[in-house]
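Please look over the complex shown below with this report beside it. The text moves from whole chains to their contacts and then to local detail.

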Amino acid sequence: MLALQTILDGLVLGGLYALAAVGFSLIFGVLGVVNLSHGAIVLIGAYFTWFAWHVTGMDPLLCIPPVMLVLFGLGYIYQRGLIQLAVDRSSLLASMLVTFGVALMLRNALVLAFSPDFKSISPGWAFSFLRLGPLTIDLVRISALAASLALLGALAYVLNRTSIGRVIRATAQQELAARLCGVNARHVYAVTFGVSAAFAGASGAILGIVLPFSPPDEANWTLNAFVVVVLGGVGSPSGALLGGLLLGLISTATSQLIGPAFPNVMMFLILVLMLMVRPAGLLGNAFAGTR
Amino acid sequence: MLREAIARQRWWILAALLGLAVLACVPFVLMPFHVRVGQLILLSTALGLAWTLLGGFAGYWSFGHTAFIGLGAFAAGLFETQMLGTPFMRAQPLVGLGLGLVVGMGACAVVAGAVAWPILRLRGIYFAVAMLGVAQVLSELTNSIDAFKGSMGLVFPRIPAFGLRQEAVFYYLLLIATAVILAIAFAVKNARIGHGLAAMREDEDTARMLGVPTERYKITMFVLSATLTGALGVIYAHSLGYITTGSVYRTDFSLNMIVYNLLGGMGTLIGPMIGSVIMVVLTQVILGGFLNLHMFLTGAMLVALVLAAPRGIVGTWLAFRRRRRDAAA
Amino acid sequence: MKPAILELKSVTKRFRGLVATDDVSLRVEPGTITSLIGPNGAGKSTIFNLVTGYLPPSAGEILFHGEQIDGQSTVAIARRGIARAFQIAKPFPEITVHDNVRIGALFGRDGPRDVAAVTEAALETAGLDDFADRPAGDLTVGYLRRLELARAIAARPVLLLADEPCAGLNPAETDEICDILRRVRDRGTTVFLVEHDMEAVMRISDRIIVLDAGAKIAEGTPDEISADPKVIAAYLGTPEEP
């Protein structure tokens, strides 16, 4: 039974990892930029939700839409104002440094605004749970998993079935060709970044009700996203879901079987192993052959 | 080949030796606060140079070099406090420090040697992020395994030497370390390996076709860079007197090593020296009052730098000079 | 039979389903300029990639001076004395022409050497003396090709693989490249050439090997090749086919 419970816990964590990573994966796939401030954006979502819940008592799940809206705007401006500039003026590696710098700034700003202590969000229903035979599932975890999956599904729908999704995918594959067809590539990149930031923010809101968080965690969330992308493949929600669930299961199993200090160590080993054995990820690059 | 380079650059070498002599007089002239700033400048310069052995010369940008500062510091600290013990350290502080240096550097060489082969098969961003991971993993292990004392912390005994004040002792230690690392970097840059690395940085596959043993070279530089960084970690830890995981495994160390080189000029020797002086003076002296904004300012500086002068001070200056010469011709 | 400097024995290279070279056997005799020609996609570049160790063959053997070299690393093969000049010039753009060539002299084939003298000689052979102090990134296409050759020459190869050195050059530039290759051969380096410019190939080659669709279809002197009906068919198509 313990095994089943571990798997269940792993899946919940995995859904969260997947949602937190999908935006990182999208930016990497479409823009080719490695956004090292992604983890900080996840935490901004978490703190935003914590603040709303703490001050007004608003339900954290209801905070998701406004968080996404705000972060979409911030992400759009961030990409157009800063990252695009760095790519134009030097290189993709330099743009990665810019995001590294921004990550430090955001971490510092979060410490100043909210103190370096751990915070957590516990809504009124936090302590209710379901019993499924011998398994106990608290409502928090099950709603976190449901919300993560729903949001991932929504993103997959947007990317695959809507016109903006088609434009994003076309631009990722052939920027020049897309531009010749009248696509404003810069706008598309900024929108992609905005979408990515919005989903990062949403994952932050969900993260807040499942786990405690503090500003220095941002590095871990960025690293998690990277591992998820390496495991699942670049650029697609399904790849992120596969990578996220795998990572969730691996880290839950590792802390159960080996010790609570080791999930990151295990994760890192898997990261390096995957990069060496199958650098395109289990599902391959959704925009294969582009770069 | 090295002899030619020494002859060709004899004025630079003379200037460096003169600078060293001037710097050696500093503790007798300046106030303790300024000596401490000098210490920080030397540490930063040395770190920048140690990083550039791999990042600047071979083009493998490590985003997690603080891994070796922390590893060196904790390996030496555990050895000195657990193996040698306080009585020995009190009686023979310099011998203790020397042995600690050997252990710290040895630990870095072993760990770097062990991860070098897999991790150096990754290129560009993948290598950068993998190093970020190495730093994260080492710091977490140090913090959560009790035997490593990362969360409790380690106390280093003071090092009284020749009647000098503590800050002067570390100033001189760091001055020696900087001089040694600079000499090593100069030798590497001007030797056969340096030219091979320059080729490899520009195009690794082509370099290999020309017979440059890229695999061996990059592993050598990785281990060398890690070992020297580890030595600096040991000295830094002693200068702090008390360390925890958070005080030696610091993301901003990793970042700063890149920033110094980026600001000064990637792949040059003078670059990290100029870069570290400017950054330390700027963050410690001019903005010294905003301690809680330190990380924010470092990040902002990095962003501004990449946007304003992506080729660094040396690169911008060389481009300017070349334009002027072309205009004259 | 005199030992060949390079010999491929039944070499096959498959990429998943695609057969890039199919059971190819060929010999390159020492002291010659031997050309490898064939339509696009015939497998010429694949053979170069196999010889330099950039790709491993799926089957067959590659012998250099009678010793097996397939399976060895690119670096090891370069150090035995095989150098390659790329079709798309890959100079190290941030460093000068002189230093680019010097890297070839510093590395390349094992054995003692006078780096400065080798560098000067290679620059002179390729006619680059006047450009030695320019950054390689400033050169035009024609001169980049020469730099590519100079760097390979400086590696003091026993066998020089030249990958379409004349592609995209005008007739005068092509003549100069041909002169350089002849000079290289006359100093004792064997040249193995892939080239599309038929006129240049016919002019400078001692032997020609023709590939089509991954297989060897003909081999001989330039005169024999230009009269071979199979070769004409491969290039122009047979009259029966629509």
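The paragraphs that follow describe the chains, the places where they touch, and selected features of one chain.

This is a predicted model, in which local features need pLDDT of at least 70 and side-chain atom pairs count only at pLDDT 80 or more, while totals for chains, interfaces and linings use all residues. Residues are numbered from 1 along each chain as its sequence is written, and chains are lettered from A, with ligands numbered from 1, in the order in which they are written.

**Two chains in outline**

The secondary structure of chain B consists of 15 helices and two strands, where helices (H or I, at least four residues) and strands (E, at least two) are DSSP runs numbered from the N terminus. Chain B has a radius of gyration of 20 Å, close to the 20 Å that the globule rule gives for 329 residues, so it is as compact as a globular protein of that length; the radius is taken over C-alpha atoms, and the rule is 2.2 Å times the number of residues to the power 0.38. Chain C, by comparison, has nine helices and 10 strands, and its radius of gyration of 18 Å agrees with the value near 18 Å that a compact globule of 242 residues would have.

The table sets out further values for these two chains. A residue counts as buried if 20 or more other C-beta atoms lie within 10 Å of its own, as exposed if 12 or fewer do, and as partly exposed in between, with C-beta atoms placed from the backbone.

| Chain | Box filled by C-alpha atoms, along the principal axes | Buried residues |
|---|---|---|
| Chain B | roughly 70 × 50 × 40 Å | 51% of 329 residues |
| Chain C | roughly 55 × 40 × 35 Å | 46% of 242 residues |

Two residues are in contact if their C-beta atoms, placed from the backbone, lie within 7 Å. Among contacts in chain B between residues at least 6 apart in sequence, 80% join residues at least 24 apart; in chain C, 68% of the contacts with a separation of 6 or more are between residues 24 or more positions apart.

**Where the chains meet**

Of the two pairs of chains in contact, chains A and B share the most contacts, whereas chain A and chain C do not touch, their nearest C-alpha atoms being 15 Å apart. The contact between chains A and B takes 34 residues from chain B and 31 residues from chain A. On the side of chain B that touches chain A, the elements that give two or more residues are helix 5 (93–119), helix 6 (124–144), helix 12 (251–264) and helix 14 (294–308) of chain B, and the largest share, 12 residues, comes from helix 6 of chain B. The residues of this side of chain B divide into 23 nonpolar, eight polar and three charged, where Ala, Val, Leu, Ile, Met, Phe, Trp, Tyr, Cys and Pro count as nonpolar, Asp, Glu, Lys and Arg as charged, and the others, Gly among them, as polar.

In the other pair, 19 residues of chain C are in contact with 14 residues of chain B. The elements of chain C that give two or more residues to this side are helix 2 (74–80) and helix 3 (97–106), and the residues of the side divide into nine nonpolar, four polar and six charged.

**Local detail in chain C**

Helix 3 of chain C is mostly covered, with eight of its 10 residues buried; among them are Val97(C), Asn100(C), Arg102(C) and Leu106(C). The cover over these buried residues includes helix 8 (192–202) of chain B, together with helix 4 (115–125) and helix 5 (141–154) of chain C. Just after helix 3 of chain C, Gly108(C) takes a positive phi of about 70°.

Most residues other than glycine have a negative phi. Glu164(C), although not a glycine, has a positive phi of about 45°; Glu164(C) lies in the loop between strand 7 (159–163) and helix 6 (171–186) of chain C, and counts as buried because it has 20 C-beta neighbours inside 10 Å. Ala213(C), also not a glycine, has a positive phi of about 50° and lies in the loop between strand 9 (207–212) and strand 10 (215–220) of chain C; with 15 C-beta neighbours inside 10 Å, Ala213(C) counts as partly exposed.

Four strands of chain C form an open antiparallel sheet in the order 2-1-4-5, where two strands pair if DSSP finds at least two bridges between them. Strand 2 (18–28) and strand 5 (67–68) of chain C stand at the edges with a single partner strand each, so one side of each is left without a neighbour in the sheet. Strand 1 (residues 6–15) and strand 2 of chain C pair in the antiparallel sense over seven bridges, and Val11(C) stands opposite Val24(C) in strand 2 of chain C.
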